[in-house]
Amino acid sequence: MRPLRRILTRRLGWLALILAVLFSGGCAVISADQCRAGLWYERGLEDGARGRSQALIYEIAQQCQRHGVRVDSAAWLRGHEMGVEQFCTPENGYYLGRRGHSYEGVCTGPTADLFMGEYQRGLAHFQVAQRYRQLRERQDYLVSELTVLRAAIHAEDDESRLQELHLRRRALVRELRLLDLERLRFSDSGFDLFFPGP
């Protein structure tokens with residue numbers, strides 16, 4: 001039975017790898033229908049408003065060339081410039097950073113500084129939220145481990161094994177206390193307003 005399981009596991013692994021390669025390579029920037037539709041100004045406006053870099057036009061041109069369509073790059077760039085103006089607001093910078101999205105460096109001039117300041121602030125909040133979430137998940141895991149350990153301690157008769165279980169329990173309790181202290185730092189910083197407890 002084990003050799004069969006090993007063979008099946010190996011085959012499933014290969015299948016997963018092949019599917020990953022196929023799907024990663026088949027990710028098109030623009031479809032054939034979009035290429036044929038044109039609407040280059042509108043497409044540029046949309047891409048700019050999403051904060052996409054001007055380098056995207058080269059990928060679009062390559063994709064459309066495969067479908068026999070020539071891109072009006074000038075119209076796309078005009079639309080992109082207008083879209084970038086909509087994108088480069090301080091509010092959008094914070095929104096983007098707060099969700100941990102990457103920034104492709106499209107903002108220029110005085111708006112760039114305002115955008116970047118808010119993006120960095122949002123990104124800092126995102127990173128704090130990530131850390132807080134990790135602490136909560138680790139804390140939940142430790143509490144469930146302690147529950148299992150308590151049951152094991154009550155059921156154990158072997159003295160040496162019982163000592164091991166008690167040592168493990170003390171280590172978990174110590175780690176839980178450290179996690180509580182770190183979570184307390186979030187409360188003292190006011191970040192608990194962003195990430196309330198259960």
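**Close-up views of a predicted all-helix model**

**View 1. A leucine patch on the surface.** Leu178, Leu181 and Leu184 make up a nonpolar surface patch, and their accessible area together is about 310 Å². The model is predicted. Leu181 sits in helix α8, which spans residues 159-189. Its relative accessibility is 53%, so Leu181 counts as exposed.

**View 2. The whole chain.** The protein chain holds eight helices and zero strands. Read from the N terminus, the order of elements is α-α-α-α-α-α-α-α. The chain has 198 residues, and 29% of them count as buried. Eight salt bridges are found in the whole structure.

**View 3. Helix α3 against helix α5.** Two packed helices are described by the angle between their axes and the distance between the axes. Helix α3 covers residues 40-49, and helix α5 covers residues 73-87. Their axes come within 6 Å. The crossing angle is roughly 30 degrees. Angles under 35 degrees count as roughly parallel, and α3 and α5 are therefore roughly parallel to each other. The α3 and α5 crossing is right-handed.

**View 4. The salt bridge of Arg50 and Glu46.** The side chains of Arg50 and Glu46 meet at 3.3 Å, N to O. How accessible are the two partners, Arg50 and Glu46? Arg50 has 56% relative accessibility and therefore counts as exposed. Glu46 has 39%, so Glu46 counts as partly exposed.

**View 5. The salt bridge of Glu104 and Arg52.** Here the side chains of Glu104 and Arg52 form a salt bridge at 3.5 Å, N to O. Which parts of the chain does the pair link? Glu104 lies in the loop between α6 (90-98) and α7 (110-155). Arg52 lies in the loop between α3 and α4 (56-66). The two residues are 52 residues apart, and the pair links distant parts of the chain. Glu104 is partly exposed, with a relative accessible area of 40%. Arg52, at 31% relative accessibility, also counts as partly exposed.

**View 6. The salt bridge of Glu118 and Arg121.** The side chains of Glu118 and Arg121 meet in a salt bridge at 2.9 Å, N to O. Both residues belong to helix α7. Three residues separate their positions, about one turn of the helix.

Conventions: Residues numbered from 1 in each chain as written. Predicted model: local features only at pLDDT ≥ 70, side-chain atom pairs only at ≥ 80, totals over all residues. Heavy atoms only, no water. Patch = residues over 30% accessible without salt bridge, like charges linked within 9 Å, V, L, I, M, F, W, Y side chains within 5 Å. Areas by Shrake-Rupley, 256 points an atom, 1.4 Å probe, with all protein chains shown as cover. Salt bridge = Lys/Arg side-chain N within 4 Å of Asp/Glu carboxyl O. Helix = DSSP H or I, 4+ residues; strand = E, 2+ residues; numbered from the N terminus. Buried < 20%, exposed > 50% of the residue type's maximum accessible area, 1.4 Å probe, protein only. Axes fitted to C-alpha atoms, helices over the stretch in contact; angles between N-to-C directions. Parallel < 35°, antiparallel > 145°, perpendicular 65-115°, else oblique. Left-handed = near helix turned anticlockwise from the far one by under 90°.
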